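Please examine the sequence and the model shown below. The paragraphs that follow lead through the spaces inside it and the elements around them.

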Amino acid sequence: MELVIANLTKSYGQHAALADVSLTCGAEVVGLVGPNGAGKTSLMRIVATLIPQTAGSVTWNGLDTRNQAEAIRRVLGYLPQEFGLYEEFSARQLLRYLGAMKGLPAALGRRRADELIELVNLEKDADRRLGTYSGGMKQRVGIAQALLNDPELLIVDEPTAGLDPAERVRFRMFLAGLASQRLVILSTHIIGDVEAVASRLVVLNHGHVVADTTPEALLAAAAGQVWLVTTDPATALRLQADHQVSAMVQQPGGVALRLVSPARPHDQAAPAEPTLEDAYLLAVGGQAQPA
């Protein structure tokens, strides 16, 4: 099982969304992170055979996305950040319909729909019209449809957006359990999702891969570069302008800041243990806001 991305470029007019990206992935959970505009969505849509690249190649087990897209789609599951639903259908009807569209035999399609309804905790609402669902419930239907064909290659964009904390933990555990059987590409702004399930972390910025590592290694690289300081509002604003800030909280004694900086940013700043979010901010050089 192997996804090979070689010298991939995607341009929109004069703007290069991706520039010479190369990755090789096997059966694992890959966390794909980066600021808005970094190229994450373009990369996922190319791998999912939805848009063509400008240059370079993408192959899945030797199948090229440019001329063997149909074969790749048979083993692909994809959850985009925004997806449409037939709101007059119930969740059960929709999943059975989509199973048929994916070529599943009727009995298997019914069984998979029922299994996935249970997985995403929609048993009590499975026969209600989708038009009556909340945003979080619709997101759970989206997760279920991406898994209908038991995909070998699963691409999910912000899958836990709109889920409550218990549902998020449940889905993280499910994703973590998939890695031995398939490749999962997880794009998210929620660094906790990556930390919980990804064995590999790919950081994109301005269309380039700026880090291809493990969460543990990225975290270790941030050691000695995270600081805590509580100060007055004027100084806090100055520090915010001059340094990366991963957290800022107004307190009775002043403003408490968590700063990411190679050097001590203030004479009263105390060293702190880095989080993965701190390490991510260092990797992208201050181009992102903390999730």
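Which residues line the largest cavity? The model is a predicted one, and in it the lining of this cavity consists of Leu119, Val120, Asn121, Arg140, Ile143, Leu163, Glu167, Arg170, Phe171 and Phe174. Two elements, helix H5 (135-146) and helix H6 (165-178), each give two or more residues to this lining. The greatest contribution is that of H6, with four residues. Sorted by class, the lining has six nonpolar residues, one polar residue and three charged residues. The space in the largest cavity comes to about 100 Å³.

H5 is mostly covered, with 10 of its 12 residues buried. Among the buried residues are Arg140 and Ile143, both of which also belong to the lining of the largest cavity. Gln145 is likewise one of the buried residues of H5. The covering of the buried residues of H5 includes S6, H3, helix H4 (106-119), strand S7 (153-157) and H6.

How many cavities of 30 Å³ or more does the count give? There are two. The second largest cavity holds about 70 Å³ of space. Its lining is made up of Ile5, Leu23, Cys25, Val30, Leu32, Leu43, Met44, Val47, Ile185 and Val202. Strand S2 (15-25), strand S3 (29-33) and helix H1 (40-47) are the elements that give two or more residues to this lining, and H1 gives the most, with three. By class, the lining of the second largest cavity has 10 nonpolar residues, with no polar and no charged ones.

The model also has pockets. The volume of the largest pocket is about 480 Å³. Its lining numbers 18 residues, and those nearest its centre are Leu50, Leu76, Tyr78, Lys102 and Gln145. At least two residues of the pocket lining come from each of helix H2 (69-73), strand S6 (76-79) and helix H3 (91-101). Of these elements, S6 and H3 are also among those that cover the buried residues of H5. What classes of residue form the lining of the largest pocket? There are 11 nonpolar, three polar and four charged residues.

How values were computed: Residues numbered from 1 in each chain as written. Predicted model: local features only at pLDDT ≥ 70, side-chain atom pairs only at ≥ 80, totals over all residues. Heavy atoms only, no water. 1 Å grid on protein atoms, 1.4 Å probe; cavity = no way out; pocket = protein on both sides within 12 Å on 5 of 7 lines; lining within 4 Å. Points joined across faces, edges and corners; volume = space filled by probe spheres on them. Nonpolar A, V, L, I, M, F, W, Y, C, P; charged D, E, K, R; others polar. Buried < 20%, exposed > 50% of the residue type's maximum accessible area, 1.4 Å probe, protein only. Contact = heavy atoms within 4.5 Å.
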